[in-house]
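Here's a quick briefing to read with the model open beside you. Have a look at the sequence and the fold, then work through the points by topic.

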Amino acid sequence: MVSRSCNGEGSAYDPQTRHIELRYDDSAEDHDLFQNAGRHPAGNEVAAVATETLYHESRHALIDLLDLSLTNRQEEDAADQFAALMLLRTGPTGEQQLRTAAEAYELSAAANSNSDTSGRDEHSPNLARAANHLCYLHCSVPTRNPDLATTSRLPSQRATRCAQEWTQVRTVWIARLQPLLRKQ
Ligand SMILES: [Zn+2]
């Protein structure tokens, strides 16, 4: 993993060097995003989003190593699912970080409501990425996140399907990871 300041390209996995590059400028932008939403200081929020990004990019690295053939959009959604899986397994701290990452997607969508180009590249639109994270959070630990089912952040129709979706996401990922898991 390499952290650096670079213009243009955002955080990414480079299959040539097999490096995950985290872009400092992303953190500065996330800091502004949360501070503009009234969060002072926004250090925990920035750390949460960076952690989610690191897991997301780690998934791209694993997909490369496992040689999985997925379309670009499928790979991006799978990387988001992996980030959710990794954060949720760490308990309340990871749950909060996942919630914060979802909020970053929502804030980003709101800040760019007139010129939101998310969804035009290989990633799903920001609001869809937020709803996916909230869906996984809601069904994996509903007792600590009861509010999610009663806000428009997670449409009620979607909320009823979350448990099934989450089970499928977990099952698929655990199966895909099998070749890399060390036998005990
Ligand atoms: Zn990605």
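Predicted model: local features only at pLDDT ≥ 70, side-chain atom pairs only at ≥ 80, totals over all residues.

The zinc ion is held by three protein donors, His56, His60 and Glu76. Elsewhere there's an open sheet of 3 strands, and the largest nonpolar core counts 23 residues.

**Zinc site**
- The donor atoms are NE2 of His56, NE2 of His60 and an OE of Glu76, and they sit 2.0 to 2.1 Å from the zinc ion.
- Along the sequence, the donor spacing reads H-x3-H-x15-E.
- Which helices does the site tie together through His56 and Glu76? His56 belongs to helix α2 (residues 43-66) and Glu76 to helix α3 (residues 72-88), so this pair, 20 residues apart, links distant parts of the chain.
- Both His56 and Glu76 are buried, which means under 20% relative accessible area for each.
- A general point on the helical stretch: an α-helix has 3.6 residues a turn, so residues three or four places apart point the same way.

**Sheet**
- The strands line up in the order β1-β3-β2, and the pairing is mixed.
- At the edges you'll find β1 (2-4) and β2 (12-14), each pairing on one side only.
- From one strand to the next, the twist averages 30 degrees.
- β2 pairs with strand β3 (residues 19-23) in the antiparallel sense, over 3 bridges.

**Helices**
- Helix α1 (residues 24-36) lies across β1 and β3, and runs at about 40 degrees to β3.
- α2 has 24 residues and spans 34 Å from its first C-alpha to its last, close to the 34 Å expected at 1.5 Å a residue.

**Nonpolar cores**
- Which residues have the most contacts inside the largest core? They are Leu88, Leu98, Tyr136, Leu137, Leu154, Trp166 and Trp173.
- Four helices, α3, α4 (92-111), α5 (126-140) and α6 (156-177), each supply at least two residues of this core.
- α5 gives the most to this core, with 6 residues.
- Leaving aside neighbours within four places in sequence, Leu154 is in contact with Ala131, Leu134, Cys135, His138, Leu148, Ala159 and Cys162.
- There's also a second, separate core of 6 residues, which includes Leu33, Phe34, Val49 and Leu107.
- For context, nonpolar side chains tend to be buried together in soluble globular proteins.

- The peptide bond from His40 to Pro41 is cis, with omega near -15 degrees. Pro41 lies in the loop between α1 and α2.
- Arg18 isn't a glycine, yet its phi is positive, at about 55 degrees. You'll find Arg18 in the loop between β2 and β3.
- Is Arg18 buried or exposed? Arg18 is exposed, with a relative accessible area of 53%.
- Asp67 is another residue other than glycine with a positive phi, near 55 degrees. Asp67 is in the loop between α2 and α3.
- Asp67 has 67% relative accessibility, so it counts as exposed.

Terms used: Residues numbered from 1 in each chain as written. Heavy atoms only, no water. Donors = N, O, S within 2.8 Å, 3.2 Å for Na, K, Ca; no water. Buried < 20%, exposed > 50% of the residue type's maximum accessible area, 1.4 Å probe, protein only. Pairing = 2+ DSSP bridges. Axes fitted to C-alpha atoms, helices over the stretch in contact; angles between N-to-C directions. Contact = heavy atoms within 4.5 Å. Expected span 1.5 Å × (residues − 1). Core = buried A, V, L, I, M, F, W, Y, C linked by side-chain atoms within 4.5 Å.
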